[in-house]
Amino acid sequence: MPTLLPALRLTATIVLLLGAFPALAQSGRVTTSFDPGWRFLKGDAAGAEAPAFPDSAWKSVAVPHDWSIEGPYDKANPSGRGGGYLPSGVSWYRKQFTLPAGEAGRRVRIEFDGVMANSDVWINGVHLGKRPYGYVNFSLDLSAHLKFGKGQANVIAVRTDTTVQPASRYYTGAGIFRHVKLVSTAPVHFGAGGVFVSTPNAGADNASLRLQADVVNESASGARYTLRTTIVDPDGKTLQTIETAQTVAPGQSATLEQAGAVKAPQRWSPSQPALYRAVSVLLNGNAVLDEQSTTFGIRDAKFEAATGFWLNGVNLKIKGVCLHHDAGALGAAVPLDAWRRRFTLLRQAGVNAIRTSHNQVAAEFLDLADSMGFMVMDETFDTWTAAKHNGEKGYNLNFKTWWEADTRAMILRDRNHPSIILYSVGNEIHDNLDNPEGFQKYKMQQDLVHQLDPTRPVTMALFRPALSKVYQNGFVETMDIVGQNYRESELVAAHLAKPARKVIGTENGHTSAAWLAMRDNAFVAGQFLWVGFDYLGEADWPATTYDQGLFDRAGNWKPRGLQRRSWWSSEPVVHIVRNNDNGGAGSWVNDWTPTDMQTYDDAKVEVYSNAEEVELFLNGQSLGAKALPKDAAPRAWNVTFAPGKLRAVGRNGGQEVAAEELVTAGPAARIELTSSRPKLSAAFDDAAFVTARLVDAKGVTVPNGGQEISFAVAGPGALAALDNGDINSHASYQGTACVAAAGKCLAVVKATATGSAITLKASVKGLPPASLSIATAPAAP
């Protein structure tokens, strides 16, 4: 079934190139990308907020921009273990722009999707505000301080400060690391709440719609305003138009409500992520004041105490992973193609849900979850008021002052996403939950979320509940859903003790016992593995990266990912792993090429498979067949190593349904380049992920050795990053060479212009060079 990609909530989108604001319509809403054309300084500069401050020597950058990922790595960096030993400190961004005279009298706001961290913003030397929390979206009204007309320059200045460390237990990045927009509206316009679409009834035959539009009148007079909303289905067909009129007095705001219905709706689900649009126009007579296009989904989601999670009448296990906001070598400024690639890999592993640990994610991340069919647990904070080790100077310093504004901003922005099935207001909170103050801290957050979005339940990721006594003191009875990290048997026992409790694993390990606690108990709604991808930070030097992902930083499958695929995938799966060292020593690897074939003879082999029977062959000779254990444990063989082919065949009902073959590699003979996409535009969210593999004469990946692969780009492109996934590597991600790990390196290529092809060349000493061509084209409108 075709789906609509999330529509932009605007009437026009205009790319700002040279700092000059385009000629704007005098009615409606105009949203302009404010990403290009910034001047950047890494360091502090007294007086840099002043319009006349000389910044011509500063670096020219576009945002999103994360300067911390540029390094260098240093054990002495104040960010320490949590920040991955990458730099922190002060930075400045400045941008000059002009506005036509006709814009005077309109409301002009700047919208930041995220600035890391402790940001201060000035317009024409006037301080507009500060926002400590780097992950939150925020908007500032520029109107009263702007200059209009030809030659009247405006200067916006942003100071960021990550000096106070350790500020996080995991990598944050630094700078204006998400998108920025300039929004111009009439004085009467949609407010911060925008248009909220909910579906009180989402039956298969008929769905009811409820629309609530937040309207603000910043004009000098009141009037009776009309809200006209058109409902568009996933195929682009207009279903109905609804009109409502209401008077809004000057200086006041109001909520305009509408109701509608959709017959035989295409309901949103992971297998059919159908997306509708509500195009809402605010009118004064025939004059268009504002317009917003709201993407939404129709789905019936609920949690039941006895049977777990239900979606559209189907009892569904939530098979989730936790994800941090960085993308390895790209840092915190993540193009959407990085998430698209990662989501695709997670889907192959059988994952259907994501926990946004432990903070608000970028808006486009949720748009992608909507369109690709991933359910989401949307989370606010890693700390309340109590500090955590290796992040003692984090959000705990700001919670009391900022929790309400930050929570409000997240819920108002996110509540239309059909992917979101659950909110979380905290992760492993160390505040005392065994006293009235602890109860109140949770309740005030849950109450605010319910006020802003009454359609979804709220949880938090409980930390060692037996010690905090939350199962005995009544705390969990105040939660919509009881969420617990790890200790799965304890969560099961908590439900069995009081079967009215709705329970979910909010963070879980990779063990069989953890998986079986969900598989074998209908009341456990699901779980979220820690983690989907390796992430920067939370590692002890010389490591810079937490390495318990299903995939490494560069997107390579890890053995635990292959095993999870055998447990969670609905497709037949067979994967072979062996201990890297002789006699069962060393880590698990997915190859048949020992480091030292002269001494390697005792291979401990396991096969991850969901097939009823697996038979293992070495060089064509059967080593026996084994049935699927009741606990889905790996099937193991002791194999006397011999070079050649190790093949595992999975069968259901006696018929082969899946197979994998590992072949002993010879010496490296060439470089093989493969790209995630054949064509790029120069848009920030476009990126080609090119894997460079060292292969032998037969095309088998050579996993051993550490050859350095050098990269060069010709044409309208650039290397955005290089990575090999090695958690102990301290090499720059912005270099031109990468040491192969397990025979591979990842090069991220971006287009800087369009019109001709980009050529990526890879070379290794002693091997013929390889090249790959990537076409370029303008971005789709």
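This section describes the pockets, cavities, core, helices and local backbone features of a predicted model.

Residues are numbered from 1 along each chain as its sequence is written, and side-chain values use heavy atoms, with hydrogens and water left out. In this predicted model, local features need pLDDT of at least 70 and side-chain atom pairs count only at pLDDT 80 or more, whereas totals for chains, interfaces and linings use all residues.

Empty space was examined first. Rolling a probe the size of a water molecule over the atoms shows where empty space is left. On a 1 Å grid over the protein atoms alone, a cavity is a set of points where a 1.4 Å probe fits but cannot get out, while a pocket is an open set with protein on both sides within 12 Å along at least five of seven lines; lining residues have an atom within 4 Å of a point. Grid points are joined across faces, edges and corners, and a volume is the space filled by probe spheres set on the points.

The second largest pocket has a volume of about 1500 Å³. Its lining consists of 49 residues, and Asn556, Trp557, Lys558, Ala742 and Lys744 lie nearest the centre. Two or more lining residues come from each of α1 (336-348), α8 (559-568), β32 (574-579), β33 (588-589), β39 (655-663) and β42 (688-695); here helices (H or I, at least four residues) and strands (E, at least two) are DSSP runs, numbered from the N terminus. The helix α8 gives the most to this lining, with five residues. By class, the lining of the second largest pocket holds 15 nonpolar, 20 polar and 14 charged residues, where Ala, Val, Leu, Ile, Met, Phe, Trp, Tyr, Cys and Pro count as nonpolar, Asp, Glu, Lys and Arg as charged, and the others, Gly among them, as polar.

Eight cavities of 30 Å³ or more are found in a search of the whole structure. The largest cavity contains about 120 Å³ of space. It is lined by 14 residues, of which Arg178, Ala332, Val334, Trp339 and Ala362 are the closest to its centre. Its lining divides into 10 nonpolar, two polar and two charged residues.

The interior was considered next. In soluble globular proteins, nonpolar side chains tend to be buried together. A nonpolar core is a set of buried Ala, Val, Leu, Ile, Met, Phe, Trp, Tyr and Cys residues joined through side-chain atoms within 4.5 Å, and buried means under 20% relative accessible area, exposed over 50%, and partly exposed in between (1.4 Å probe, protein chains only). The largest nonpolar core has 107 residues, and those with the most contacts inside it are Phe303, Ile318, Leu323, Phe343, Met460 and Leu462. Leaving aside residues up to four places away in sequence, Ile318 touches several residues, including Phe303, Met375, Ile421 and Met518; contact means heavy atoms within 4.5 Å.

The elements covering its buried residues include β22, α7, β29, β32 and β34 (602-609). In α7, the buried residues are Ala514, Trp515, Leu516, Ala517 and Met518, and their cover includes β22 (318-323), α6 (488-497), β29 (524-529) and α8. Thr511 is placed in the loop between β28 (503-508) and α7 (512-519) and, at 45% relative accessibility, counts as partly exposed. Not counting residues up to four places away in sequence, Thr511 touches Arg564 and Trp567.

By the rule that a disulfide is a pair of cysteine sulfur atoms within 2.5 Å, the count comes to one disulfide. It joins Cys738 to Cys745, with an S to S distance of 2.5 Å. The torsion about the S-S bond of Cys738 and Cys745 is about -90°, so the disulfide is left-handed. Cys738 is buried at 7% relative accessibility, and Cys745 is buried at 2%.

Finally, backbone geometry was examined. Most residues other than glycine have a negative phi, and most peptide bonds are trans. A cis peptide bond, with omega about 0°, joins Gln165 and Pro166. Pro166 lies in the loop between β10 (153-161) and β11 (180-185). Both Gln165 and Pro166 are touched by Ser79, which is buried at 5% relative accessibility. The peptide bond from Trp541 to Pro542 is also cis, with omega near 15°. Asn312, although not a glycine, has a positive phi of about 55° and is buried, with a relative accessible area of 14%. Glu428 likewise has a positive phi, of about 45°, and is buried at 13%.
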